[in-house]
Amino acid sequence: MGNKYMKRYTEEFKRDAIALVDSSGKTVTAVARELGISSESLRGWYRRAKADQSEGQPGELTSAEREELRRLRKENREQQQTIEILKKRPPSSRRKATGERVVPVDPCGEGELSDRSAVP
């Protein structure tokens with residue numbers, strides 16, 4: 001994702017840089033050069049800002065949508081891992097883990113069988 005020397009910029013700086021692109025009429029590359037930042041960074045900030053204002057490319061996600069997608073993907077991944085773990089568990093261990101007990105039922109539908117081995 002980036003190296004340890006990557007600069008971090010404040011949200012205020014990003015907003016000001018984006019506003020400068022809009023107000024100056026200069027290209028993103030020219031503004032980035034003036035500010036001493038990467039043109040790709042400024043271009044990414046600019047695209048995200050436009051998408052958040054519903055002025056981006058068709059199909060481009062807003063920040064809120066990107067965050068929701070990230071959250072849903074994480075949740076999906078966790079659920080898939082849970083499903084895989086449950087598939088691998090042997091059936092007998094489920095019964096022990098949940099405390100289930102097998103109760104014999106009278107085949108005639110009279111409820112549980114008594115301790116007697118013979119049914120009258």
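Helices here are DSSP runs of H or I with at least four residues, numbered from the N terminus. What you're looking at is a predicted model, where local features need pLDDT of at least 70 and side-chain atom pairs count only at pLDDT 80 or more, while totals for chains, interfaces and linings use all residues. Residues are numbered from 1 along each chain as its sequence is written, and side-chain values use heavy atoms, leaving out hydrogens and water.

Let's start with helix α4. Arginine 71 and glutamate 75 both sit in this helix, 4 residues apart, which is about one turn. Their side chains meet in a salt bridge (3.4 Å, N to O); that term covers a side-chain nitrogen of Lys or Arg within 4 Å of a carboxyl oxygen of Asp or Glu. Side chains of opposite charge can pair when their charged atoms come close.

Helix α4 (residues 63-88) also holds arginine 70 and glutamate 67, 3 residues apart, and they form a salt bridge too, at 2.6 Å from N to O. The structure has 7 salt bridges. Another one of them links glutamate 34 with lysine 26, with the closest N and O atoms 2.4 Å apart.

Now, buried or exposed? Buried means under 20% relative accessible area, exposed means over 50%, and partly exposed is in between (1.4 Å probe, protein chains only). Glutamate 34 has 49% relative accessibility, so this residue counts as partly exposed. Lysine 50, in helix α3 (residues 39-52), counts as buried because its relative accessibility is 15%.

How values were computed. Helices (H or I, at least four residues) and strands (E, at least two) are DSSP runs, numbered from the N terminus.
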